[in-house]
There are 4 protein chains.
Amino acid sequence: MLTVGVIGCGYWGPNLIRNFINLKDARVKTASDLSEDRLNHMKMLYPSLETTTDYKTIIADPEIEAVVIATPVSTHAGIASEALEAGKHVFCEKPLTRTVEEGVKLVELAEKADRTLMVGHTFVYTAAVNKIRDLIKAGDLGDIYYMSTSRVNLGLFQEDINVVWDLAPHDVSIMNYILESRPVAVSAVGHSYIQPDIQDVAFLTLRYPGSILANLQVSWLNPNKIRATTVVGSKKMLVYDDIASLEKIRIYDKGVDVIPHYDTFGEFQLAYRYGDISIPKLEDAEPLKIECQHFIDCINGTASRSSGKHGLEVLLVLDAADRSMAAAGTEIKIEYPKALK
Amino acid sequence: MLTVGVIGCGYWGPNLIRNFINLKDARVKTASDLSEDRLNHMKMLYPSLETTTDYKTIIADPEIEAVVIATPVSTHAGIASEALEAGKHVFCEKPLTRTVEEGVKLVELAEKADRTLMVGHTFVYTAAVNKIRDLIKAGDLGDIYYMSTSRVNLGLFQEDINVVWDLAPHDVSIMNYILESRPVAVSAVGHSYIQPDIQDVAFLTLRYPGSILANLQVSWLNPNKIRATTVVGSKKMLVYDDIASLEKIRIYDKGVDVIPHYDTFGEFQLAYRYGDISIPKLEDAEPLKIECQHFIDCINGTASRSSGKHGLEVLLVLDAADRSMAAAGTEIKIEYPKALK
Amino acid sequence: MLTVGVIGCGYWGPNLIRNFINLKDARVKTASDLSEDRLNHMKMLYPSLETTTDYKTIIADPEIEAVVIATPVSTHAGIASEALEAGKHVFCEKPLTRTVEEGVKLVELAEKADRTLMVGHTFVYTAAVNKIRDLIKAGDLGDIYYMSTSRVNLGLFQEDINVVWDLAPHDVSIMNYILESRPVAVSAVGHSYIQPDIQDVAFLTLRYPGSILANLQVSWLNPNKIRATTVVGSKKMLVYDDIASLEKIRIYDKGVDVIPHYDTFGEFQLAYRYGDISIPKLEDAEPLKIECQHFIDCINGTASRSSGKHGLEVLLVLDAADRSMAAAGTEIKIEYPKALK
Amino acid sequence: MLTVGVIGCGYWGPNLIRNFINLKDARVKTASDLSEDRLNHMKMLYPSLETTTDYKTIIADPEIEAVVIATPVSTHAGIASEALEAGKHVFCEKPLTRTVEEGVKLVELAEKADRTLMVGHTFVYTAAVNKIRDLIKAGDLGDIYYMSTSRVNLGLFQEDINVVWDLAPHDVSIMNYILESRPVAVSAVGHSYIQPDIQDVAFLTLRYPGSILANLQVSWLNPNKIRATTVVGSKKMLVYDDIASLEKIRIYDKGVDVIPHYDTFGEFQLAYRYGDISIPKLEDAEPLKIECQHFIDCINGTASRSSGKHGLEVLLVLDAADRSMAAAGTEIKIEYPKALK
């Protein structure tokens with residue numbers, strides 16, 4: 001039975017509390033937040049929960065073995081360092097830290113302290129993303145040519161990070177995970193429409209080894225929420241729509257590639273498809289539950305799907321994208337630090 | 001009654017023949033193609049049609065007032081010049097020519113000869129694209145922030161042009177038309193997966209005046225055909241899906257932009273939408289019929305929606321994209337020639 | 001603060017427990033179930049909950065003011081009677097009872113005891129159904145002509161009731177609610193494919209006053225879950241898809257009703273739509289939360305949207321459907337009892 | 001080379017003319033219509049076509065071997081009889097005739113005259129319907145339990161037949177064809193909302209041998225066009241949406257049929273699907289082209305998929321539906337006449 005403290009009860013923290021509470025192998029002893037209101041709300045939902053406005057109470061509690069951090073990004077490095085130094089295991093929401101430097105230090109600190117450091121890249125715990133990874137590994141899609149993703153919605157506008165740091169961590173963590181690879185270069189173009197100097201729309205192009213390209217669209221300005229990922233391989237194409245409640249993955253089998261001549265408008269319209277489509281059934285579990293259980297398993301020795309190192313790899317891509325946007329889209333090569341060699 | 005000759009009866013030519021034949025104000029006297037088979041097929045469909053394997057027969061025919069060109073791109077400049085010099089009006093399939101230089105010459109030649117030169121940018125004749133233009137002009141979408149497009153399918157692989165020259169003319173002509181503007185800079189990343197040195201996948205970012213960005217995806221490698229355009233404005237967002245047979249345009253009204261805290265997974269999932277969606281009814285006419293009629297009207301003095309100059313503006317974007325791809329995505333500023341000032 | 005006891009922790013009971021616990025004005029003191037396993041699971045989720053395998057403990061507890069019943073249908077009448085006689089308010093899952101006779105007695109008993117009797121017709125608490133009711137009341141759809149519904153899925157096969165009693169209560173309660181009316185006659189055809197004498201597929205036709213027809217399809221044999229309701233009026237048509245996560249209601253505006261002659265296959269295909277479509281934004285609340293709050297409000301004097309009487313009206317339709325199925329589809333007129341006059 | 005005359009150039013006739021003209025083995029010599037306007041329009045499209053306002057000119061023309069009838073239903077029997085008696089082969093639009101009696105006589109006449117009599121049940125020539133038939137024959141769906149269909153749209157209101165006779169022939173011909181069977185009984189409920197005594201909405205239930213039920217919805221009052229057919233078998237379920245341009249058939253594979261207990265609203269929502277879905281690729285040919293070619297093949301000895309006898313079987317179902325509607329939905333047993341034994 002792992003005793004957990006959760007720091008931050010804003011947007012995502014309550015989901016983490018609920019999931020850790022529901023696990024057989026964990027209990028949440030204490031939750032902290034700067035807002036009394038949020039704490040009262042948590043207390044109403046979970047009467048046995050202890051609450052505090054000072055996160056240091058959690059860090060100092062010898063009974064608490066693991067700390068879950070769901071606070072604004074700029075505070076991650078500080079809180080996580082304190083927790084690791086106090087001998088706690090750390091589960092930190094994404095992105096891991098605000099800068100690459102902070103991330104490197106944190107990864108090194110976790111290694112030195114021999115504690116588990118995990119990042120909340122939830123998507124690598126979904127049935128859909130694991131299905132895609134399995135299909136790629138089994139060669140079902142053939143050689144991967146390129147990927148494109150859209151992750152757009154209306155707000156939540158962040159004040160301490162731009163849209164790339166807010167949304168792209170999902171896509172980069174997914175792509176690194178399904179390809180078992182990491183990009184070598186990034187070019188990005190973005191713009192700040194609403195808040196000065198904080199991009200709210202950006203288009204990124206990543207180059208992975210083996211001539212795999214990836215085009216990412218991230219935006220806070222779309223009234224309609226889209227979370228779509230397309231993976232095009234030499235044999236098949238896959239479209240992953242995370243918004244769809246039932247049919248998240250569609251696999252398009254490539255058929256005839258010769259299109260006959262058309263003499264009427266009607267026949268022309270009928271010519272759009274090329275092969276069978278299949279929509280595999282996916283398991284129904286809540287990804288966050290799996291992720292929380294995985295954190296416990298990692299503490300007990302399992303290799304992590306979203307370790308601090310994975311989180312740091314993602315930071316390097318975000319950082320390169322920032323630098324490319326500052327240089328009008330010029331491609332930036334990524335230099336992975338020693339900690340990731 | 002306009003007498004027309006059609007050069008090229010391959011993929012698109014038969015559609016042009018059928019539409020010109022069905023117009024009250026035109027008749028198709030002659031069709032030419034290098035393949036006897038295609039000519040025989042045309043003859044079977046339209047017994048009164050004259051056919052020839054030598055397009056110069058059409059150019060030389062004094063009865064023919066207008067020439068329609070649906071041949072491979074690299075032949076456009078040559079055939080169109082001959083036709084204009086012979087005093088014919090010219091309707092040329094897109095892209096106008098293989099190079100910017102050829103395009104400039106052709107535009108100047110048409111001006112000198114005082115003949116109508118029109119490019120087959122069919123989409124500017126669709127009900128959907130004109131609806132979008134009207135909505136933007138009326139201010140319904142608010143200030144335009146950015147656009148993104150996907151134009152992807154499996155093949156037809158071209159041998160004389162890359163995927164940018166094959167597919168992006170549609171998107172660029174649509175965007176120039178609905179914004180009544182033209183881009184000032186282009187950056188592009190592409191790759192040649194199948195044929196050496198002919199990109200089959202590319203991602204373009206265009207900058208229009210007024211900080212409007214546009215991200216384009218074009219690909220010959222997708223087993224699934226997509227023709228989607230998203231326009232995000234300060235008031236509303238619009239999605240145009242040209243594949244949809246009935247519901248081509250969806251307008252998303254922007255609603256609440258504050259998202260409350262969520263305590264359960266279920267409520268969280270319900271939070272995706274932000275306002276009403278409306279799907280306007282569009283007229284049912286075949287765009288090509290309208291385009292062919294428009295060509296006749298232009299000959300009679302109407303200002304063209306897709307004149308040679310419009311076609312040349314598109315070429316300048318394609319050319320800049322090629323240069324950007326060659327420079328690893330570096331942004332290329334577009335210098336519009338004197339003919340377009 | 002209302003003190004509640006919940007009887008039955010199987011499929012639906014846990015949802016009721018969770019919702020009553022989360023309400024400010026209620027607390028769940030005790031839950032009962034025949035299965036120790038289910039009770040242990042409830043205990044794990046809500047440590048402060050008391051549990052018992054004997055529901056009579058709940059009935060006998062003077063502190064408990066209201067009893068929530070989520071047990072198999074055949075036990076509803078017995079448990080609810082005991083609860084009402086013990087002076088408790090009763091919230092009973094649908095259908096209210098196994099027979100019309102039981103239902104009549106229960107409604108009369110609640111009236112005599114002056115206690116609130118409410119039936120769990122959850123759908124009348126959804127944003128979608130209330131939107132439809134509002135649109136009809138406001139005359140937006142014009143005169144209602146007819147409705148059709150599909151409520152089909154794979155299982156859960158019931159052992160004590162057929163598919164009509166299992167699924168049709170939803171549709172009948174929705175239709176009675178949105179029309180503010182009740183059917184005068186029913187004809188039904190069904191078949192028992194899997195279990196002898198328990199219909200697993202049935203088609204019902206209801207006649208409402210004012211020549212309004214309704215066709216219902218209910219089935220336990222569909223691998224795909226459908227919950228669709230179509231309402232056709234003289235002005236507009238509405239389609240309600242309860243499975244859709246985002247776009248539950250579509251309103252089709254009626255346009256041109258003259259279809260021109262078509263000469264080509266292509267134009268013919270383009271002629272399917274007749275007017276604009278609109279997709280209104282709906283509120284995101286969990287219906288069950290609203291329903292549970294409504295139960296408390298009803299105890300405090302609010303008129304119920306799904307009172308015992310409403311539940312009994314539904315039973316009369318189900319009973320008539322059973323009799324029609326036994327008579328090969330012959331139409332059965334419904335005689336509403338004195339209690340519903 | 002078959003010489004054809006087409007009688008009727010209204011809604012559907014032009015499609016028949018175009019298709020017969022485009023076939024290698026046929027030529028359309030003459031078209032007749034009561035409207036000079038329609039004839040002029042045909043002449044403009046096909047300059048070599050002869051036209052007449054008197055269909056008897058076609059019947060009397062010895063050069064014409066086959067007559068295609070696309071006139072109002074009530075005229076079918078008279079024109080077709082004259083044509084058969086004049087030794088012509090006859091292709092008649094659906095429904096075959098206005099009454100069962102007329103249909104019986106026509107079938108007997110064709111047999112006596114030894115001429116091909118074919119009915120325009122176009123759907124049995126579509127790739128989708130033939131795919132369904134193949135899947136059923138191969139046992140892929142298992143035992144067929146039941147079918148349900150919706151064939152609804154706004155208008156075209158007919159003056160000589162009700163909505164059952166207008167739309168249900170499609171569904172009945174499809175179901176008879178895919179099951180290789182014919183119904184034994186029909187019950188139907190309908191209503192006349194717009195024109196007195198001409199039902200514009202109807203719900204039919206058909207019983208086929210082997211306890212197969214079919215529920216049909218037909219309506220002229222729906223602003224939205226639907227053409228959907230669901231076939232539920234013991235192994236798989238199939239949904240056929242004829243409006244979809246690309247994904248007409250979806251096959252749902254049946255998976256888990258035990259649904260676990262749910263404790264949160266979120267997980268509950270995720271439980272909708274039960275197995276993989278597959279969307280087979282279908283051929284792109286225009287069904288009418290295949291049907292017209294099939295008519296020629298039948299004249300040359302091929303067994304017909306939609307012979308006069310098939311058309312007569314459909315009439316018997318329509319007639320039984322009319323009688324059931326007149327008897328408030330009472331089930332009517334179908335007595336197939338000697339000509340169909």
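Helices in this account are DSSP runs of H or I with at least four residues, numbered from the N terminus. By that convention, Phe295(C) has its place in helix α9 (residues 287-299) of chain C. The model described here is a predicted one.

**Domains of chain A**

- The domain assignment divides chain A into domain 1 (2-122 + 288-307) and domain 2 (124-284 + 314-340).
- The centres of domain 1 and domain 2 of chain A, taken over C-alpha atoms, are separated by 29 Å.
- Contact between the two involves 19 residues of domain 1 of chain A and 15 residues of domain 2 of chain A.
- On the side of domain 1 of chain A that touches domain 2 of chain A, α5 (100-113) and α9 (287-299) of chain A each supply at least two residues.
- The most is given to that side of domain 1 of chain A by α5(A), with five residues.
- By class, the side of domain 1 of chain A that touches domain 2 of chain A holds eight nonpolar, seven polar and four charged residues.

**Helix α7 of chain A**

- Helix α7 (residues 163-179) of chain A has 17 residues, which at 1.5 Å a residue should span 24 Å; the end C-alpha atoms are 24 Å apart, in agreement with that expectation.
- At Pro169(A), α7(A) bends by about 40°.
- The helix α7(A) is mostly covered, with 17 of its 17 residues buried.

- Strand β10 (residues 212-219) of chain A is mostly covered, and eight of its eight residues are buried.
- Both faces of β10(A) are covered: one side carries Ile212(A), Ala214(A), Leu216(A) and Val218(A), and the other carries Leu213(A), Asn215(A), Gln217(A) and Ser219(A), all of them buried.
- Strand β7 (residues 144-154) of chain A pairs with β10(A) in the parallel sense over seven bridges, and Ser148(A) stands opposite Asn215(A) in β10(A).
- Strand β9 (residues 201-208) of chain A runs antiparallel to β10(A) and is joined to it by eight bridges; Tyr208(A) has Ile212(A) as its bridge partner in β10(A).
- A hairpin is formed by β9(A) and β10(A), with three residues between them, and Gly210(A) in the turn has a positive phi of about 80°.

- Strand β11 (residues 221-233) and strand β12 (residues 236-241) of chain A pair in the antiparallel sense over five bridges, and a hairpin joins β11(A) to β12(A) through two residues.
- Opposite Thr230(A) stands Val239(A) in β12(A).
- Strand β13 (residues 249-253) of chain A runs antiparallel to β12(A), with five bridges joining them; Met237(A) has Tyr252(A) in β13(A) as its bridge partner.

**Helix α9 in chains C and D**

- Phe295(C) counts as buried because it has 28 C-beta neighbours inside 10 Å, the cut-off being 20 or more.
- Leaving aside residues up to four places away in sequence, Phe295(C) touches Phe91(C) and Met118(C).
- Although 179 residues apart in sequence, Phe295(C) and Thr116(C) are 8.2 Å apart in space, C-alpha to C-alpha.
- In α9(D), the buried residues are Leu288(D), Ile290(D), Glu291(D), Cys292(D), Phe295(D) and Ile296(D).
- The cover over the buried residues of α9(D) includes β1 (2-7), α1 (13-22), β2 (26-32), β5 (89-92) and β6 (117-119) of chain D.

Key. Residues are numbered from 1 along each chain as its sequence is written. Chains are lettered from A and ligands numbered from 1 in the order in which they are written. This is a predicted model: local features need pLDDT of at least 70, side-chain atom pairs count only at pLDDT 80 or more; totals for chains, interfaces and linings use all residues. The expected span of a helix is 1.5 Å times one less than its number of residues. The bend at a residue is the angle between axes fitted to the seven residues ending there and the seven starting there. A residue is buried if 20 or more other C-beta atoms lie within 10 Å of its own, exposed if 12 or fewer, and partly exposed in between; C-beta atoms are placed from the backbone. Two strands pair if DSSP finds at least two bridges between them. Domain bounds come from an automatic or database domain assignment. Two residues are in contact if their C-beta atoms, placed from the backbone, lie within 7 Å. Ala, Val, Leu, Ile, Met, Phe, Trp, Tyr, Cys and Pro count as nonpolar, Asp, Glu, Lys and Arg as charged, and the others, Gly among them, as polar.
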